[in-house]
Amino acid sequence: MALGGCFRNSDSRRRHGKPSALKQWPQLTERVTEARFCLLGIFNNLILIIMEITVVHTCFILLSLVCMCLNCQGCLEEERFALLQIKDSINSPEGSAFPSWYTEDCCQWEAVECDASTTRVNKLFFHHKRDPSVLQPWYPNATLFAQFKELKELELPGNNIKGFTSPHELRELEQLQRLDLHDNFIEDASDFCWGKRALPSLYHLDLSHNNVTGFIPECICHSRRITELILYDNNLHGNISSCLSNFSSLELLDLSNNQFSGSFPSPLVHSLTSIKSLLLSSNRFTGKVSFAIFGNLSRLGRLDISYNAHLELETESQTWFPSLNMYVLNLAGCSLRKFPSFLSTQNNLQSLDLSDNFLVGTIPSWVMHNTTSEFKVRGNNLSGPFPEIFRNRSSQLTSLDVSNNSFQGPFPEDIGSIFPELVNLDASDNGFNSLIPPSFGRLNRLLSLDLSRNELHGEIPFFVTSNMSSLEVLSLGQNNLRGYALPRNSSLPKLKILDLGHNDFMDNLWTSFSRSQPLSPLRVLILKDNRLECKIPVELLRLTILDLSRNNLSGDISNCIDNTTSWTTEAEPDVIITVSGIFTFMNGLDLSCNRLSGSIPMHITQRKAMVALNMSHNLLSGQIPTSLRNLEALEALDLSQNNLFGEFPPELETALTFLSVFNVSFNNLSGPIPQRNQFATFTNDSYVGNYGLCGAPLARKCGVVVTVTEEPPSAMSSHIHIQTPPTICYFLVLFLFFL
């Protein structure tokens, strides 16, 4: 109520004069009452204002007290200091991890998380932070990590850890739930013997991909609350400790890729009633095992017992009826002789691997129908036509591997409609003998296609090389294909590996590759053993691996390799590629077994990252260039069966320190053989056929005049009967023979 409203009748009194006292009394009473209510309203408003000010002030005081208690400036100072000490340790003696760790609030630092209410550190994610160029192992001080009293997750993978300093201090982390130390070099598992009552909250322990040796220590079994135990890829051996059966809550157990031996641990398996994922592959278990031991594991969804030496799995039994509901089942290398009948009841299988068994006959259509993502049966003796789908329905498979079997006949003409979701298809090493169906081009999600080592004939369909925009690996080697190596206007924008070797392509390299769309991602090109001719397109010279051996390349090699800008002087990373399970680390050039002449081009010697160079069985002349010393990473060099002359450059003795395969036999070289470093390790076979060379390992001593009574074999005659020299084997064994 406003103050002016309390005396709103004052003006009227002045206008009418002074009234009598009796008449004035009721009016005065009314005015007094109005004034009292007006003052009361003013008082109430003042009280409310004072209360609001008090509440705000009180909240401000309380907030200040909370901030003082919880340190509103960021994480606790002792935790910040501990983190900085860890940073110094992980960067010792040199390193650059965590460059942004300089602000006051460590809760905002990289790889650090804090609890929102307490601002204490509760998660540390130090993934691959130690500089890999530092050879010394890291021994973290567990005392520093013990400072984080509310730490729940500690992840230190890939940091070259070999052990801990004061490992018993980790037992102070009573709230720790996850400990991840995979991909290190830990050898002694006793570092994790914290006692029976230590780490009461720990449920996840990952020591995979280390060097842990010996038996599983009994002390690990003290942590009864563990539900996920991951120890794969170590050196553990012997029998699996029976104490693991005490883990009644264990849901994930991964002991794969170790050296456990003896009988299969059936009693342990039977006791793991809560298990969801059981991975025991790549060990040395032996004997016969009935699949019935898994029958009572109703929660089991992922099982891998593949590749155990001499383990034979019996899947057919009249005494049990599986209640399993598997989604991943790997039984590769388990000596299976027929498709397990219980698979017909598994309707939720995402991945099924039955590779490397003794399966024969055809693939039941219901097996592929029940598998929704990955299906592998490589390395069996399956036969018949290409596998069919149940009732000719379209399959949802994304990965299909039927390689190394005895399938025959044509590919389905509508294969693109049958498998529209395929990402990887491997049908290599079979007897398929048809044209390549153009419908392959409809598989526009395909990343890898391997049809090598079959009897395919005809030309590569244009629709295949123009519509598969996602394709990264195309392997069609060792067939009977002809025509252009690549059809005109091909477009494979993501292609990284192309293997067309061992076919009958006979066009000009320039014709095939210069008229196609740019192959900028291409890193590996295998065109060996065709009838291709020069000239080599500039784009091909940028590849990491280029194999043009056993073709019809002829003429001066400098005219074939005529663009110096395509050969970089900077070191290039070796290609890292997986083909049919083979990892290849290689950077090389193979021009062997052609009719190239002239001297070794300088451009080639600028490829500093080159690991293998094979120019044997040609008509090359001139001297061995001193510039070969630039190839400091070279491990294999084969210049045999040419017409090279002159003395061996002494500079190569000290430059080529990684050389392990070397061959200059059957040339016209002269002078003393180098004797230092790697060259002291090579045998007589590396130098034979050079009648002017002298010194060990040859019997011919330097300073003795030798009369040549027999002409050395010429490079021309070597084309009549060629025995593959050792360097070719070295260059190809890691890659070419596995395509």
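Me: Which residue stands opposite serine 383 in strand 21?
Reply: That's serine 406. Before we go on, this is a predicted model: local features need pLDDT of at least 70 and side-chain atom pairs count only at pLDDT 80 or more, while totals for chains, interfaces and linings use all residues. Residues are numbered from 1 along each chain as its sequence is written, and side-chain values use heavy atoms, with hydrogens and water left out.

Me: How do you know that strand 19 and strand 21 pair?
Reply: Strand 19 (residues 381-384) and strand 21 (residues 406-409) share two bridges, in the parallel sense. Two strands pair if DSSP finds at least two bridges between them, so these two qualify. As for the names, strands (E, at least two residues) and helices (H or I, at least four) are DSSP runs, numbered from the N terminus.

Me: What makes strand 17 and strand 23 edge strands?
Reply: The open sheet runs 17-19-21-23, with parallel pairing. Strand 17 (360-361) and strand 23 (431-432) each pair on one side only.

Me: How do you know that strand 12 pairs with strand 14?
Reply: Same test: they have four bridges, against the at least two required, so they pair. One detail there is that valine 289 has leucine 313 as its bridge partner.

Me: Which residues of strand 14 are on the covered face, and which on the uncovered one?
Reply: Leu311 and Leu313 are on the covered face, Glu312 and Glu314 on the uncovered one. In a regular strand, side chains alternate between the two faces of the sheet.

Me: Why is the link between cysteine 221 and cysteine 243 called a disulfide?
Reply: A disulfide is a pair of cysteine sulfur atoms within 2.5 Å, and this pair sits at 1.7 Å, so it counts. The two cysteines are 22 residues apart: cysteine 221 is in the loop between strand 6 (213-214) and strand 7 (228-230), cysteine 243 in the loop between strand 8 (235-238) and strand 9 (252-254). By this rule the count comes to five disulfides.

Me: Why is cysteine 221 called buried?
Reply: Buried means under 20% relative accessible area, exposed over 50%, and partly exposed in between (1.4 Å probe, protein chains only). Cysteine 221 has 4%, so it's buried. Cysteine 243 has 8%, so it's buried too.

Me: What makes the disulfide of cysteine 107 and cysteine 114 left-handed?
Reply: The torsion about its S-S bond is about -95°, so it's left-handed. Its S to S distance is 2.1 Å, and cysteine 107, at 17%, counts as buried.
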